Structure formats: C-alpha cells, structure tokens
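Subject: Structure handover

Hello,

Here is the structure for your set. My notes follow below it.

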Amino acid sequence: RMFHDDELEESEKFYVGQPRVLLLIYALYNTLVARSEMVCYFVIILNHMISASMITLVLPILIFLWAMLSVPRPSKRFWMTAIVYTEVAIVIKYFFQFGFFPWNKHVDYTKDKPYHPPNIIGIEKKEGYVHYDLVQLLALFFHRSILKCHGLWDEDEKGDSSSNKEDTDDELSLMGGRRDSSASLKSVNLAASVESIHVHFPEQQTAIRRKSSSSISQLSHRSSFSSHRSKREQILDIFKNINHTTLSLYFLQCKLCVIKSHCCLCCFRTLQVYVPIRQFFYNLIHPDYSAVTDVYVLMFLADTVDFIIIVFGFWAFGKHSAAADITSSLSEDQVPEAFLVMVLIQFGTMVVDRALYLKKTVMGKVIFQVILVFGIHFWMFFILPGVTERKFSQNTVAQLWYFVKCVYFGLSAYQIRCGYPTRVLGNFLTKSYNYVNLFLFQGFRLVPFLTELRAVMDWVWTDTTLSLSSWICVEDIYAHIFILKCWRESEKRYPQPRGQKKKKVVKYGMGGMIIVLLICIVWFPLLFMSLIKSVAGITNKPLDVSITITLGGYQPIFTMSAQQNQLKSLDLNEFNEFQRSYRGNTAALQFLEGYAREDITRADLEGNSNSLWTISPPSRQKMIQGLLDFEADFTLVISWTIQRTLEEVYPYYIKAPSDSLAKPIKQLLKDCKWENITVSLVKNTSEEWWVLNQLGKRQKTPQESLELFIFSDKVSPPSLGFLAGYGIMGLYASVVLVIGKFVREFFSGISHSIMFEELPNVDRILKLCTDIFLVRETGELELEEDLYAKLIFLYRSPETMIKWTREK
C-alpha cells in the first residue's frame with residue numbers, strides 16, 4: 001500500500017481495543033471539541049438565566065445578533081469581547097460584595113425584590129455570585145485554545161501588516177474593508193479636521209490646506225494628535241510678532257476651529273461604530289455565496305413547545321396565580337389576562353415567521369430577529385418580574401420558556417446566515433411514504449383549524465393565479481393522494497399473497513383493538529361516573545349542620561347549629577360497631593357499601609336552643625289548644641338544608657348528595673321509624689326557650705342534646721367537574737352520540753368514495769400535484785393554471801382516472 005504506516009495501524013488497533021466506556025468518553029470529548037462554541041453559548045445563556053441581570057444580558061444579545069450571524073464563524077473580535085467582558089463583570093461583582101455599600105446592609109430584605117436596582121444591575125451581595133461567571137470564562141478559554149490548536153484564532157489577521165496594524169485598523173474598517181461606504185467617506189477629510197485645531201492665518205491658509213490634503217494618506221490619527229505640542233510652539237512664535245488687535249481675532253478663530261474639530265471627531269467615532277454594523281448586516285442580507293437550508297420545521301417545533309409551556313404553565317406569567325389551574329379557570333368562564341397576552345404573542349410570532357418563510361425575505365427575517373431578541377429580553381427580564389412580583393431566577397416555568405426561545409433564536413440565526421430555500425414544496429411530513437409520516441400527517445390534519453389556517457396563509461403569501469377555493473382543492477387532493485401513496489407503499493413492503501386468508505395477528509390486532517375501542521366508547525359514561533367518585537372522588541365533609549324545629553307553623557321553637565369541634569368523624573372502632581349494628585339488614589348494608597369511614601360525620605347539637613322563643617300571646621294560646629286536642633293533627637316541621645314535613649319526629653341519618661338537597665336515610669332506621677325526642681319549655685323570669693333531647697343516642701351523654709349522622713357523597717375532582725357535572729345522560733348525549741356519528745360515517749360512507757379511494761397507482765397524480773407546486777415556485781403562473789385544469793379534468797373523468805392509475 002502506498003500510504004501504509006505501521007505506527008498508525010498499531011494506534012488504530014490500540015484505540016479499537018479500548019473498553020466501551022473509555023471509547024464513549026473519547027467520543028464525548030471529541031463532540032465537545034467539535035462543538036465548543038455551542039458549549040460557550042449554552043454556558044452564557046445558563047449564566048444569564050441564573051443571574052438575570054443587566055450585566056449578563058449583553059452577551060446573550062451579542063450571541064443572537066452577532067456571533068450566530070457571522071459567516072463562516074464568529075470572529076476573534078467577538079471571542080475577545082466575550083472574554084474581556086466576562087473578566088470585567090467578575091471584577092465588578094467582586095468589588096460590590098463589600099459590606100460598606102448601603103444596599104448590602106439589608107440583603108435579606110431586598111434579595112427577593114425584582115425591581116431593587118442592585119438586583120437589576122447584578123451587583124447584589126450573595127453567595128456564589130461568581131461561580132457561573134467563572135465557568136463561563138473557563139468555557140471561553142477552552143474554545144480559544146481549540147481555535148488556536150486548529151490555527152483559526154489569528155486567521156483574520158493574515159493579510160494585515162504588523163507594523164501599523166493598530167494605528168490603521170479603524171481606517172481600514174472604514175475605507176479599505178467597506179466598499180459600499182468608501183465613496184461616502186471620501187468627502188470627510190479626517191486629517192484636515194484634526195489639524196484644523198491650529199490657527200490658520202489668512203495669507204497662509206491656502207498653503208496649510210494643501211499641506212493637509214496632501215498629507216492625508218501619511219498622517220494617522222495618533223500622529224496628528226502627537227504633533228500638537230510642536231505646532232503650539234510655532235503658534236506662540238507667530239503671536240510674538242503680531243499686535244494685540246489681531247490676537248483677539250485669532251483666538252476667536254481658534255475656538256471655532258476647536259468646536260468644529262470636536263464635532264467632526266464625534267461624527268468620526270459614530271461612524272466607526274455605525275459603518276461596521278451596517279456593513280455586517282448588509283453582507284448578511286446580500287451574501288456572495290449562500291448555503292441554502294431549511295430549518296423552519298425545527299423553528300415551528302420550538303414555537304410549539306413554547307406554546308405548550310404557556311398553556312400548561314400560564315400561572316407563571318401572571319400575578320397572584322401560583323396556585324391557579326387553567327381547566328378550573330376556563331370552567332369558571334374566566335380567561336386570565338396574562339395567559340391571553342402570552343398566547344396571542346406566541347401565536348402572532350408563529351404567523352409572522354410563516355409569512356417570512358413563504359416570502360423568502362432575509363431582510364424581513366433579520367428585522368424580525370432584532371425586534372424579537374430585544375423585545376423578548378426586555379419583557380422577560382424587566383416587565384415580567386414586575387407582573388409576577390418575583391425574580392426571573394425564581395420562576396422555573398419562565399426560565400424553561402426562555403431557554404426554548406433561545407433555541408428558536410439560534411435556529412433563526414442559522415436560517416438567516418444560510419438563506420431561505422428557493423423552493424417550498426408541500427408539507428414537510430410528505431417527503432417520504434411510510435407509516436410514521438402517514439400517521440403524523442393524519443394527526444396534523446386532525447388538529448382543529450390548523451390545516452385550514454396553513455392553507456389560507458400559504459395562499460395569501462404565495463404568488464399564484466388560483467383562487468382560494470381552487471388552492472384548497474389542490475391541497476385536499478394532494479393530501480388524499482399522499483395518504484393513498486403511503487398505503488400503496490405499505491402494501492408493496494408487506495404484500496398479501498393471492499388467495500391467502502388474513503393472519504390472526506392482523507385480525508385480532510386491528511379488529512380486536514377496534515372492538516375494545518368501540519366497547520369503551522359505549523360504556524364510557526357508566527365506567528367514568530362509577531370510578532370518578534369511588535376511585536378519584538374527594539370527600540366532601542359538611543362544614544355546618546343546622547336544625548330548625550317548628551310546631552304547627554308557629555314561631556320556631558328550636559334552632560341549633562353544629563360547627564368545627566361539634567362535627568366529628570368516626571374512629572375505626574365506632575365505624576365497625578356501626579356496621580355490626582346493622583348485621584342482617586340487607587338494605588342497610590347495601591347502602592353502607594357506598595361509603596367509607598371518612599364519609600360519615602357525627603354532628604353533636606346541644607339540646608338548648610340558641611335563640612329565645614318569641615311568640616305573641618294569641619299565637620301561644622292557639623298553640624296550647626292545638627297540643628291539648630289529641631284527636632286533631634298537629635304537624636312538626638324539622639328543617640335542615642330545606643324544610644320538610646315529617647311523619648314521625650326526628651331523622652337520625654341524613655344523606656348529603658353532591659348535586660341535590662339533603663335527604664333522610666330510611667334504610668338505616670329501625671322499621672323505618674324516626675327517633676324519639678323530648679321537647680320541654682324552660683322559663684326564666686321573663687324569658688323562655690325550648691330544650692330538646694334525643695332518647696336513643698349512640699353517644700350516651702347526660703346533657704340534653706341531639707345526635708345526627710351525615711353521610712357525604714364523594715365529589716369529582718375540580719379538574720374533571722366540567723365533565724362529570726352533566727351526569728350519565730349528559731355524557732351519553734355529548735360523547736357517545738357525537739363519536740358514534742363519526743364512526744357511522746366511516747363505516748357507511750365507503751361506497752360513495754370507491755372511485756377515489758381504490759386507486760392502484762397514484763404516482764402520476766402525485767407527480768401532477770408536485771408539478772403544480774414547482775411551476776408556482778418558479779413563477780410559471782400560466783402553466784400553473786393549465787396543470788390545475790388538467791387535475792380537475794382528471795377527477796371529472798372516471799375513464800381517464802382509470803387509465804392514469806393503472807399499474808405500470
């Protein structure tokens with residue numbers, strides 16, 4: 001072999017023979033070296049997420065608007081700027097850690113205030129204030145060493161002269177390195193402006209100007225400033241030979257020249273900053289060479305992840321909403337303002353990004369990138385902390401949203417640097433024909449309004465002669481043909497021999513799954529309503545139990561309520577004893593099966609009424625006469641949640657349902673009879689009240705009192721209350737019937753679409769749709785109309801469709 005080397009071969013054998021763990025470490029290190037700039041970006045962004053201050057804000061913005069937009073890679077100047085800036089930030093943070101600064105005396109009080117000036121700037125006193133900065137500096141030095149090892153650190157300086165590089169760097173950036181701006185700068189006589197500081201005499205003015213104009217290519221700014229002293233001495237010698245009258249005139253001219261020179265110097269410094277930035281973005285928008293790429297799908301996925309984060313973590317973007325739940329908020333017909341604003345902003349950026357992608361305008365993308373970078377950083381680090389009243393570093397959801405948005409910024413910068421693709425053909429999911437693309441594409445079409453919104457946006461921002469209805473028709477045909485193409489390709493990969501019956505795996509796999517799904521849909525409401533309260537139900541214990549007793553419609557004789565300590569739960573022994581007391585009573589045991597120990601509450605009500613009995617004397621006499629007449633009916637009304645006339649006296653057991661009024665439980669009463677109570681009137685001088693006492697209490701107490709058992713039904717969790725609140729019939733009407741309608745259309749509408757579904761070969765139709773997309777992108781709009789007319793004729797002619805879809 002020509003290039004055979006024994007040492008290299010032995011080295012390769014030695015490397016292959018290493019353990020897998022060591023090989024993995026080698027691979028990780030090589031990946032780290034190959035992507036060392038990404039490591040620097042990640043550490044800088046992580047440092048800013050943790051610190052969230054103005055000091056750390058500069059480098060992330062420079063990353064997205066300078067480093068990632070540089071072609072082919074960030075320059076040495078950027079990395080030196082990042083290194084020097086990090087070092088200065090470390091020194092500044094260290095300097096402000098001393099305790100003699102006023103804001104460091106109350107650190108515990110101000111550390112959580114988002115708008116405290118030291119917290120915003122990043123000079124607050126805290127532990128580990130410089131840890132992430134040191135890691136950032138270490139990553140930057142590591143990347144610097146990698147660039148030096150590969151000879152990429154000083155590659156920008158190979159064409160510069162070493163003698164006067166420092167003196168003429170600014171002039172080269174303004175005149176030699178920027179072709180478009182050199183003509184506009186020729187009229188600015190920089191050296192003459194600097195030399196105009198000296199006094200010019202009328203008789204020597206022309207000579208001095210010629211000298212200045214002839215020496216512009218020889219004098220640098222530093223040499224012009226260094227010659228001030230010698231020229232001042234010449235001016236003093238001249239001043240000795242003139243009188244005092246002309247001296248004042250010369251001083252006035254000198255002041256005017258100094259003011260003019262300072263203005264020119266300010267303009268020069270401004271141009272030094274503006275011209276390179278302008279030229280940088282100009283070269284970015286009008287590159288000499290463009291490596292066209294398409295990362296719109298990844299940008300869309302990043303935006304989608306951010307959208308999901310907003311929906312499920314919207315409470316992190318609002319005030320006093322840390323314990324909020326989006327389902328409970330929407331069930332109460334309340335739309336949080338922070339959630340609405342974030343959703344609209346995120347959705348608006350996705351629409352604008354789609355428009356820029358379809359128009360293929362790099363300039364618009366650059367402007368959108370600049371606005372979005374500054375806007376997002378300003379909102380996240382200056383507005384959001386004031387809205388949520390907590391620092392960004394304490395808001396985990398906001399940090400996650402910002403990190404995903406940084407990924408989007410990186411992808412956008414890569415798209416700008418490489419340029420948009422010249423051809424946008426079809427959906428990204430339709431590039432290959434397999435099961436993965438098929439199911440993803442069908443899932444994409446099932447998202448409500450997504451397909452329609454995409455079709456309308458594509459029609460608005462794409463040059464075409466088709467109407468909106470024709471455009472949607474082409475999109476629908478293309479989607480249908482793509483689905484058929486995927487099925488035909490799957491039939492080719494997994495052919496079914498002629499005359500062979502279907503395998504049991506296919507029949508029981510697909511058919512069994514459909515059977516189970518249909519059964520679950522039919523019996524879903526019953527299963528849901530039975531499990532939602534028994535398994536996931538929440539115990540709804542009473543907070544207040546009130547009893548009111550009225551005799552014959554007169555003034556209530558007894559009112560009493562039990563709260564807090566008077567509402568007691570049964571312990572395990574009491575609950576077991578309660579169940580054993582109904583042994584043999586089938587109806588009672590069946591009722592008790594639906595309740596656990598924590599669902600039963602015993603209310604102990606005092607026997608003395610908590611209100612005086614105020615009744616007029618005539619009503620009192622009528623009441624006495626009614627009680628003495630044993631043959632007449634005299635009603636006793638006992639009310640708890642509602643008033644109800646009872647045949648007996650006292651209901652011992654009350655059921656408290658979750659959706660209706662409380663009811664007495666007859667299954668637990670002996671022979672369906674109510675409990676007996678004693679009623680007595682107590683008089684004390686001019687006041688009187690009633691005292692009630694229950695005779696057959698389970699908890700034996702010597703005081704007059706009433707005992708009441710409340711059985712509380714479990715309620716559904718708040719997040720599922722909107723679904724369980726309609727009951728079984730509501731679920732059947734809203735879920736089963738609606739789903740059943742779609743399933744019936746799938747099984748009963750097949751015969752009407754045979755001529756469009758059973759196409760053996762769809763390659764020609766698919767190619768026709770692709771040709772329509774292609775001629776549209778190339779601007780052949782007349783040909784687009786012709787191909788569309790051909791497609792419509794094809795679907796109107798069954799005989800032609802049969803010829804076009806035959807197997808080759």
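A residue is called buried under 20% relative accessible area, exposed over 50%, and partly exposed in between, with a 1.4 Å probe and protein chains only. On that scale, 35% of the 808 residues in the protein are buried.

This is a predicted model, so local features need pLDDT of at least 70, side-chain atom pairs count only at pLDDT 80 or more, and totals for chains, interfaces and linings use all residues. Numbering starts from 1 along each chain as its sequence is written, and side-chain values use heavy atoms, with hydrogens and water left out.

Overall picture

The protein has 33 helices and eleven strands. These are DSSP runs numbered from the N terminus: H or I with at least four residues for helices, E with at least two for strands. The protein exposes about 49400 Å², an area from the Shrake-Rupley method with a 1.4 Å probe; for residues, only the protein chains shown count as cover. Carbon and sulfur atoms supply 61% of that area. A contact means heavy atoms within 4.5 Å. Of the contacts with a separation of 6 or more, 73% are between residues 24 or more positions apart.

Strands

Strand 4 (residues 600-606) is largely enclosed by the rest of the structure, because five of its seven residues are buried. Strands pair if DSSP finds at least two bridges between them. Strand 3 (residues 567-569) runs antiparallel to strand 4, with three bridges. One partner pair there is serine 569 and threonine 601. Strand 11 (residues 705-712) also runs antiparallel to strand 4, joined by seven bridges. Aspartate 604 has glutamate 707 in strand 11 as its bridge partner.

Salt bridges

The structure holds 21 salt bridges. The criterion is a side-chain nitrogen of Lys or Arg within 4 Å of a carboxyl oxygen of Asp or Glu.

- Arginine 445 and aspartate 476 meet at 3.7 Å, N to O. Arginine 445 lies in helix 21 (residues 435-446) and aspartate 476 in helix 23 (residues 468-493), so the pair ties together parts 31 residues apart in sequence. Arginine 445 is partly exposed at 32%, and aspartate 476 is partly exposed at 44%.
- Lysine 485 pairs with aspartate 763, the closest N and O atoms being 2.4 Å apart. This links helix 23 to helix 31 (residues 763-778), 278 residues apart. Lysine 485 is buried at 8%, whereas aspartate 763 is partly exposed at 24%.
- Arginine 602 and glutamate 574 meet at 3.6 Å, N to O. The pair links strand 4 to helix 25 (residues 572-580), 28 residues apart. Arginine 602 is buried at 6%, whereas glutamate 574 is partly exposed at 28%.

Salt bridges with shared partners also join Arg354, Arg454, Asp458 and Glu475 into one network.

Cysteines

How many disulfides are there? The count is zero, with a disulfide taken as a pair of cysteine sulfur atoms within 2.5 Å. The sulfur of cysteine 473 has its closest cysteine sulfur in cysteine 769, at 9.3 Å, too far for a bond. Cysteine 473 is partly exposed at 28%, whereas cysteine 769 is buried at 0%.

Surface patch

Met80, Val84, Val88 and Ile92 form a nonpolar surface patch, with about 280 Å² of accessible area together. Patches take residues with over 30% relative accessible area and no salt bridge; like charges are joined within 9 Å, nonpolar side chains (Val, Leu, Ile, Met, Phe, Trp, Tyr) within 5 Å. Valine 84 sits in helix 5 (residues 76-95) and is partly exposed at 40%.

Best regards
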